[in-house]
Amino acid sequence: MRAVGWAHAFPVAKGVRAARAWTAEHLASLGWAADAPDTVHSVLLTVSELVTNAHVHAASTAHLVLTWDGDLLHVSVADDDPRLPRPREADARATSGRGLGIVDALADTWDVRPGDHRKTITACFRAPGAAAQQDGPP
């Protein structure tokens with residue numbers, strides 16, 4: 001299978017809701033809504049966290065790219081701030097500071113790639129059913 005991908009920019013004014021809706025449309029085209037509703041929820045929450053981080057911490061448009069390679073869905077968000085995020089412990093009363101922890105808990109893998117004038121955070125999710133196939137007998 002060839003990889004397929006979609007890209008869209010979400011300015012701060014357009015918000016996280018538009019990014020979630022856009023992502024949900026593309027996940028539906030992959031059939032994940034019926035096959036893996038929990039994975040869809042995890043992807044949508046990850047999109048919310050990464051786009052929010054781009055808007056709040058980088059005061060930047062969030063450049064969202066979804067790439068499906070048949071095994072993994074790569075969810076990448078780039079922003080116009082080259083400073084790399086630092087995971088931190090959020091105080092129990094804090095209203096922020098948990099985004100990367102949430103992404104770490106939901107995604108199968110994630111990483112940060114620095115650039116000259118931006119950074120990209122990518123979270124990857126296994127295809128529905130992939131874990132069951134891998135966990136079966138050899």
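Me: Arg17 sits in helix 1. What makes a stretch count as a helix or a strand here?

Reply: Helices are DSSP runs of H or I with at least four residues, strands are E runs of at least two, and both are numbered from the N terminus. Before we go on, this is a predicted model, in which local features need pLDDT of at least 70 and side-chain atom pairs count only at pLDDT 80 or more, while totals for chains, interfaces and linings use all residues. Residues are numbered from 1 along each chain as its sequence is written, and side-chain values use heavy atoms, with hydrogens and water left out.

Me: Why is Arg17 called exposed?

Reply: Exposed means over 50% relative accessible area, buried means under 20%, and partly exposed is in between (1.4 Å probe, protein chains only). Arg17 has 73%, and is therefore exposed.

Me: How do you know that the length of helix 3 fits a helix?

Reply: The expected span is 1.5 Å times one less than the number of residues. For the 21 residues of helix 3 this gives 30 Å, and the end C-alpha atoms are 30 Å apart, so the two agree. After helix 3 comes Ala59, with a positive phi near 45 degrees.

Me: What describes the packing of helix 1 and helix 3?

Reply: Two packed helices are described by the angle between their axes and the distance between the axes. Axes are lines fitted to C-alpha atoms, for helices over the stretch in contact, and angles run from 0 to 180 degrees between N-to-C directions. Helix 1 (residues 15–30) and helix 3 (residues 37–57) make an angle of about 145 degrees, with axes 9 Å apart. Among the residues in this contact are Ala19, Thr23 and Leu27 of helix 1 and Leu44, Ser48 and Val51 of helix 3. By class, the contact holds 10 nonpolar, 5 polar and 1 charged residues. Here Ala, Val, Leu, Ile, Met, Phe, Trp, Tyr, Cys and Pro count as nonpolar, Asp, Glu, Lys and Arg as charged, and the others, Gly among them, as polar.

Me: How far apart are Arg17 and Val51 in sequence and in space?

Reply: They are 34 residues apart in sequence and 9.7 Å apart in space, C-alpha to C-alpha.

Me: Let's turn to the sheet. What makes two strands a pair?

Reply: DSSP must find at least two bridges between them. Strand 1 and strand 2 have 7 bridges and run antiparallel, and they therefore meet that definition. One of the partners is Trp68 in strand 2, which bridges to Val4. Strand 2 joins strand 3 by 6 antiparallel bridges, with His63 opposite Ala78. Strand 4 and strand 5 are also antiparallel, with 6 bridges.

Me: Why are strand 1 and strand 4 called edge strands?

Reply: The sheet is open, with 5 strands in the order 1-2-3-5-4 and antiparallel pairing. Strand 1 (4–10) and strand 4 (109–114) each pair on one side only. From one strand to the next, the twist averages 15 degrees.

Me: Which strands does helix 1 touch?

Reply: Helix 1 packs on the sheet and touches strand 1, strand 2 (62–68) and strand 3, with its direction at about 170 degrees to that of strand 1. Helix 3 touches strand 1, strand 2, strand 3 and strand 5, and its direction makes about 15 degrees with that of strand 3.

Me: How do the side chains of strand 2 alternate?

Reply: Ala62, Leu64, Leu66 and Trp68 point to one face and are buried.

Me: What joins the strands of the hairpins?

Reply: Between strand 2 and strand 3 there are 3 residues, and Gly70 in the turn has a positive phi of about 95 degrees. Strand 4 connects to strand 5 through 4 residues.

Key: Contact = heavy atoms within 4.5 Å.
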